[in-house]
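Please look over the sequence and the model first.

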Amino acid sequence: MGVIRRQSIQTSILSYLGIGIGYVNVVLLFPAFFEPEQFGLTRVLVAITGIASQLALFGLTNGIIRFFPRFREGDEERYHGMLGLALRIGLVGFLVVGLVLWLAGPLIEAQYQEKSTLLGQFYFLLFPFLLFEIWFHILASFTRALFQAVINVFFRDVFVRLSTMVIIVLYHHGLLDFQQFMWAFVGQYALLSLGLMVYLQRMNRFSLRLDTAFYTPQLKKEMFHYGAFTLFSNVSAYFLMSIDILMVGSMVGLGSTAFYAVAFYIAALLNVPRTALNSISIPIISDAWKKDDQEAIQRIYSKTSINQLFIGTLLFAGIWANEHNIF
């Protein structure tokens, strides 16, 4: 539990730092400098991309963690080309889901045309956004498998929110128009992937070369079945988190999505301990599962569940008690 405790504390600190920066962006800067429809557009694009990326990944984020101990055997530096395989699968997934989004574009735009016309003008941004999101998820899962979860949290929770703050300020001072702002908003997600690539390269763990002899028919079958199973769970989870934003945007309008996003952001505080603990505990559980160390698995599940219940209850009580002050 030493690694879990240390990295969960570090990731929690970074997560709450990111939440503080995000609070400034979401609650203060966006409402002050943007029209509600403009802010709502960013939330809808994030929601659509989140669901689409999980479809394109085909369970890769979980599969990397699940099969990493097996890929590590006999190759402690290149892991038999696991990263190269994942990036190739991600590229195929992007092409397939991107084609679906392109073909479904008129239907999606028609759904939002009456209440959210701005989405149609920026629908094309979904395609680079989707590619950057796929890259980041794959690289983040790989670094998690290496027990380096903290770097992911830094890039996702701190770096991207700081960069968002910077481009908001540039927009406010007239250095960017709204279209340029949206390009910068999507482009910053490419920096997340680039940062993780550089980090892995410095660790001498970034390689695109495949060890084709390692991929036996049995291994391919296991990975396919596991990916298909986790695909549904991942898409369902993202869909449940995003469906409300998509429905508000299409049925009420992007302006209302902006107001809803603020309340949703406050409630998301409860999710921080779970994310922090899962980031490091799941790779360790995967490693213990391969060794059939069920005692360690039981110990990790018990302790993390108790800690999440305790911390989550305190956060819930704090938010509820201060609801009138927050709003």
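Predicted model: local features only at pLDDT ≥ 70, side-chain atom pairs only at ≥ 80, totals over all residues.

Residues are numbered from 1 along each chain as its sequence is written, and side-chain values use heavy atoms, with hydrogens and water left out.

**Overall make-up**

- The protein has 13 helices and 0 strands; helices (H or I, at least four residues) and strands (E, at least two) are DSSP runs, numbered from the N terminus.
- Read from the N terminus, the order of elements is α-α-α-α-α-α-α-α-α-α-α-α-α.
- Of the 327 residues in the protein, 48% are buried; buried means under 20% relative accessible area, exposed means over 50%, and partly exposed lies in between, with a 1.4 Å probe and protein chains only.
- Among contacts with a separation of 6 or more, 84% are between residues 24 or more positions apart; a contact means heavy atoms within 4.5 Å.

**Helices H6 and H7**

- Two packed helices are described by the angle between their axes and the distance between the axes.
- The axes of helix H6 (residues 126-145) and helix H7 (residues 149-172) come within 7 Å of each other and cross at roughly 150°.
- Axes here are lines fitted to C-alpha atoms, for helices over the stretch in contact, and angles run from 0 to 180 degrees between N-to-C directions.
- H6 and H7 are therefore roughly antiparallel; angles over 145 degrees count as roughly antiparallel, under 35 as roughly parallel, 65 to 115 as roughly perpendicular and the rest as oblique.
- H6 contributes Glu133, Phe136, Ala140, Thr143 and Arg144 to the contact, and H7 contributes Ala149, Ile151, Asn152, Phe155 and Arg156.
- By class, the residues of this contact are 5 nonpolar, 2 polar and 3 charged; Ala, Val, Leu, Ile, Met, Phe, Trp, Tyr, Cys and Pro count as nonpolar, Asp, Glu, Lys and Arg as charged, and the others, Gly among them, as polar.

**The second largest pocket**

- The second largest pocket has a volume of about 390 Å³.
- On a 1 Å grid over the protein atoms alone, a pocket is an open set of points where a 1.4 Å probe fits, with protein on both sides within 12 Å along at least five of seven lines; grid points are joined across faces, edges and corners, and a volume is the space filled by probe spheres set on the points.
- The pocket is lined by 19 residues, of which Leu60, Leu85, Ile89, Met223 and Phe224 are the closest to its centre; a lining residue has an atom within 4 Å of a point.
- Helix H3 (60-72), helix H4 (82-113) and helix H9 (217-251) each give two or more residues to the lining, and H9 gives the largest share, with 5 residues.
- The lining has 14 nonpolar, 4 polar and 1 charged residues.

**Single residues**

- Phe58, in the loop between helix H2 (36-57) and H3, has a positive phi of about 50° although it is not a glycine.
- Phe58 is partly exposed, at 29% relative accessible area.
- Gln54 lies in helix H2 and is buried, at 2% relative accessibility.
- Beyond its neighbours within four places in sequence, Gln54 is in contact with residues including Gly59, His137 and Tyr238.
- Val169 is in helix H7, and its C-alpha atom is 8.8 Å from that of Phe33, 136 residues away along the chain.
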